[in-house]
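I have opened my notebook for a first look around this model. Here is what I looked up, step by step.

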Amino acid sequence: MTILTKLAGSCCTAAVFSLAATSLSAAELEFYFPVGVNAPAVETIQALTDEWAAQNPQHSVKAIYAGNYEETTTKALTAANAGQPPQVAVLLSIDLFTLIEEDVIVAISDIANTPQDQAWINGFYPGFMKDAQFEGKTYAIPFQRSTPVFYYNKDAFRAAGLDPETPPKTWDEMIEMGKKLTIKNDSGNVTQWGTRIPTLGLGGAWLFGGLVVSKGDVLTTETGIEARIDTPATKASLEFLLELSKQEVMAPGGISWGDTPKAFLEGQTASMWTSTGNLAFVEENATFDWGVGFLPGGDGPGAPIGGGNFYIFEDTTEEERAAALDFIKFMTAPANAAKWSIATGYVAPRPDAWDTPEMKAYAERLPQALVALDQLQFAEREFATFQRAKVTQYLVDAIESVVTGNAEPAEALKNAQEGADAVLADYQ
Amino acid sequence: MNKRLPFGLAVIMLVIPTLLLVAFTHYPALRALMNSFWNNASSRRPSKFVGVENYQALLEDDRLVQVMLNSTFYAIGTIPVAIGLAIGMALLVNAKLPGTSLMRLSFFMPTMLPMIAVANIWLFFYAPGIGLASQILGVFGLPPINFLGRTETSLISMMFVAVWKEAGLFMIFYLAALQAVPENLKDAARLEGAGRVRIFFNIVLPLLRPTTIFVAVNALINAFRLVDHVIVMTRGGPNNSSALLLYYIYEVTFSQRDFAYGATLTVLMVGLLGILAAVQYWVLNRKAHYQ
């Protein structure tokens, strides 16, 4: 019922606005965006959008908050299939292959083809461009990009006799320190766990990608048709997760993404692995001294890159595309990228944004924000293939069945690999 | 009374609802049936007729087996409990006790709340370590349970929410039925020397039977249609342990964007609901009316 209403709603709005758009000569943009973090994201986006509209009175733009990432993608695709797409949208970077397959986006490098435009595209961190490009073309512009980091409670480290300035760097250190951080009450129940790595759902699969990278492998490649689910690196990563709960460093069973920041702030866990997108939320609500470090790694540092990019849609006029490109340039301009990064904790996607006075003051006030930037060189793209949702589900099922004790790592990974290969066989 | 409707008006009154039914029920159902014989086309894969291939996939789908088992277990687990509770609550609020209207209101409250809100409230109750459920366990010195994060407890935790939410609605049906039980039958039984328990089991309960059948069949259909709380609370996880049929269809169709297989699953569900509806009519016609 709710799905139908939403669909109907988004179709109607799309239809109404496109009617309005055809009656004017200047571009009238619709901009879909999701919110995936605990931050005042809607207000900041609205303020930036209004600013662009004020500077470009010939155009108009309507920023539409479309729910979480998944809902926003569904709405944008539904609207596009109905022939009334938003002109511009922020969607998951890993939706690239889906959007290409559905033929609903235009390559931004086809529109932005002057030398200045090229220089602008090259001005983003290469790590963020990895999953914005396909077959030699740039399809997306990084905007709300994040990577998970290791948040830890310095007060808890002190109480356990650990140095609050040296968070664990390796899996072994994580287990060793974690054992000291786990506290039990008189009746033997754990009141504070050593760490908390979300293992359920897509959030769990995202972090799992980081474990695999730290073992020197990747889950997917830039071709979009290869899933590397059954490898020594994935097996080691799953075994590490099991070892954490066996050694009583982490609660047994599946761990949800959504409850994790709350559990950290309430002192249920001495550390957590979660997105930099939670920096602002933790800064605002933490009642204790806290720090941020690289994700502890297997053979070295490693992290996944996630978050959302700007896309420009097909079925749009020349004017609309030009206006959309200008809008994207405005949103990622140094001062605005800095504003967005400070409000949310997302990693500003361009070096020049980090050179702004606002960003320098922010990094001084909250040095934790720099950790994610430093970690970027060790980060790899998030799990992305054609039929991403279906293929990822095999990985999610494998992780979930192992952490809940329903399957052995080797067997679960083998099954997942077979399932993923069967889906991707169509594209070989 | 016997004035005949003008022919034109009759046609209009017939055509409007028919159009609505065709547009929103029959056409989508037929379209789903047609789609289920085609592959999931895209710019990189041409559209082609695949015959019963999607139905073969259906038979080999391990997740579907799990989902059907979940849905069945969900139905068997929630319906009798919800009905039992509903009868109990209806008897309670039907008795002439002080504070009856307050009781009625509080029993009916969960039914009035939107499912999304209910699911979010319970999500917080179940949060391991910080939620109300964990804190209650803590008072008794028990370790917190990761209710929604374990395959053993996730479905049961969700069934609990469903019972809590649905019992109030069923209570209204039973309350209406109880108030329709003729007093003279009870009086007669009392004259014959029957006790309260005897009266309940031999007089009231048989008279509630039509209501029970009605409620049970509707609850059964509902069990296969519920989706909101799954999306909010677990997204079917962990490891598909709490995925119900409609959620699976939603996931396959809208998040995996496999419209062909989604259509195939929809055909399965429509067929299943059709059978349940047929059974409902058959049972209601045969057993539900006393003369």
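**Entry 1: two helices in chain B.** I began with how α3(B) passes α7(B), and the crossing is right-handed. This is a predicted model, so I keep that in mind throughout. I then looked up the geometry: the axes of helix α3 (residues 62-94) of chain B and helix α7 (residues 154-179) of chain B come within 6 Å, crossing at roughly 40°. That angle makes α3(B) oblique to α7(B). Next I sorted the residues of this contact by class and found 21 nonpolar, 5 polar and 1 charged.

**Entry 2: where the chains meet.** How many residues does the contact take from chain B and from chain A? I noted 27 residues from chain B and 31 residues from chain A. On the side of chain B that touches chain A, helix α12 (residues 245-255) of chain B gives the most, with 3 residues. That side of chain B has 8 nonpolar, 12 polar and 7 charged residues.

**Entry 3: the domains of chain A.** I turned to the domain assignment of chain A, which gives domain 1 (2-146 + 306-373) and domain 2 (148-305 + 382-427). I found the C-alpha centres of these two domains of chain A 29 Å apart. For their contact, I noted 28 residues of domain 1 of chain A and 24 residues of domain 2 of chain A. Which elements supply the domain 1 side of chain A with at least two residues each? My list includes α4 (96-101), β7 (141-146) and α15 (334-344) of chain A. By class, I wrote down 14 nonpolar, 10 polar and 4 charged residues for the side of domain 1 of chain A that touches domain 2 of chain A.

Definitions and conventions:
Residues numbered from 1 in each chain as written. Chains lettered and ligands numbered in written order. Predicted model: local features only at pLDDT ≥ 70, side-chain atom pairs only at ≥ 80, totals over all residues. Axes fitted to C-alpha atoms, helices over the stretch in contact; angles between N-to-C directions. Helix = DSSP H or I, 4+ residues; strand = E, 2+ residues; numbered from the N terminus. Parallel < 35°, antiparallel > 145°, perpendicular 65-115°, else oblique. Left-handed = near helix turned anticlockwise from the far one by under 90°. Nonpolar A, V, L, I, M, F, W, Y, C, P; charged D, E, K, R; others polar. Contact = placed C-beta atoms within 7 Å. Domains from an automatic or database assignment.
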